[in-house]
Amino acid sequence: MKKAVLIVNPSSGNEEAKKYTSQAREKLEQFFDEVEVKETEKEGDATNFARKAAEEKAHSVFAMGGDGTVNEAISGLAEQDYRPNFGFFPLGTVNDLGRSLNISMAPEEAIASFNPERKTSLDIGKINDDYFMNIVSVGSIPEAISDVDVEEKTKFGKLAYFVNGVKEVFNDENYHFTLKIDGEKTEIESSAVVIVLTRTIGGFTHIVPEAKNNDGNLYLLYLKDQSITDRLKSLPDIIKGVDQSTENIGYTPFTEGRLTVKEEVELHPSVDGDEGPALPLSFKVLPQHLEVYYGNEQKN
C-alpha cells in the first residue's frame, strides 16, 4: 500500500495553506492509497514529521509551505537509511528550489499539474549538522537579507530581500575569512560569501548558470570588495550570471569545504533564508541524495 504524508505549514503564504490543503489531498489521493495530512505548529515539526514518515517507510513525503518548511522536511529525510520520494507545493515568498525544478509558483497550478511520473534526483547540502537545499550566505549583506521580517516578506515578496541587500551595499563592514575548499586553503576579505546548490538565488534565476540540481557540486561565490565602489562594480557580473571568477567576484565549484572568520565575532549564516549555526562552518554535498517530483518540464 502506497502512503503519502502531506506536511502543511498553515502560516505560509499569508496563511493560504489552509485554502489549498483539501485540493492537495484530493490530488494526491488519485495516486496514493493513503494520504496523511500533518500540520506544523512550531519550528522543527516538519523535520520530525518527515523523519517519522521515513522511519515508517512512507512512499512519498510532500511539503506545502515556503523555503523554511521545505528545508525542514528535507532535513528530516536527509541521511535516513530509507528516504521516501519528496515533493512540495510552494506557498512562500521566494521558493528557489521550486523555481529550479520548474514547479509553478501558483499553488493551484502546482497542485493540479502534479504527476508522480516526473521524478529526478536532487543533491542536498550539509552544513555542520544541518542541511540546506539551496543557499548558505555569510557576511554583512547576507545578514541584512536574513533580517527581513515576516511582515515585510508577506507584503513585498522577494523585493524585500532585494531592498535590504541594497541598503547594506553602502555599509563598509567586511570580514576576513579563511576558506579550505577541496583541500586548498584561501584567505579572502569580503562582505558576502555564498554557497549555492541551484542556479536560482532569491527568486532570481540563472545567477549561477552552471549549477544543476544533481551535478554533485556546491558552488562558492564571494565579493572581492574592500569598498562600496567594489560592491557596485560586482553588480553587473551578478546580473549577467557567474560561471567563472572575475575581477569583482570569486567563483569555485567544490564538494567539501570549511569556512572560518578571523574577527572575534559571532557570525551566523543565512541557511535557506533562516539563521544557521555560528562559524566555523563545514560544508559538503550529498550527491543525488533524494528523488524529487518536478514540474511540467524537467530542469536539472
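**Exercise 1.** Determine what share of the protein chain is buried.

*Solution.* Buried residues, those under 20% relative accessible area with a 1.4 Å probe and protein chains only, form 54% of the 300 residues in the chain. The model is predicted: local features need pLDDT of at least 70, side-chain atom pairs count only at pLDDT 80 or more, and totals for chains, interfaces and linings use all residues. Residues are numbered from 1 along each chain as its sequence is written, and side-chain values use heavy atoms, without hydrogens and water.

**Exercise 2.** State how many helices and strands the protein chain has.

*Solution.* The chain has 10 helices and 16 strands, taken as DSSP runs (helices H or I, at least four residues; strands E, at least two) numbered from the N terminus.

**Exercise 3.** Identify the buried residues of helix H3 and the elements against which they pack.

*Solution.* First, within H3 (residues 45-55), Asp45, Ala46, Thr47, Phe49, Ala50, Ala53 and Ala54 are buried. Next, these residues pack against strands E1 (3-8), E2 (34-39) and E3 (60-65), and against helix H4 (67-77). Finally, Lys57 follows H3 and has a positive phi, near 60°.

**Exercise 4.** Is Thr178 buried or exposed, and which residues does Thr178 touch?

*Solution.* Thr178 belongs to strand E8 (residues 175-181). Its relative accessible area is 14%, so Thr178 is buried. Leaving aside residues up to four places away in sequence, Thr178 is in contact (heavy atoms within 4.5 Å) with Lys185, Thr186, Glu187, Arg258, Leu259, Thr260 and Lys262.

Notes:
Buried means under 20% relative accessible area, exposed over 50%, partly exposed in between (1.4 Å probe, protein chains only).
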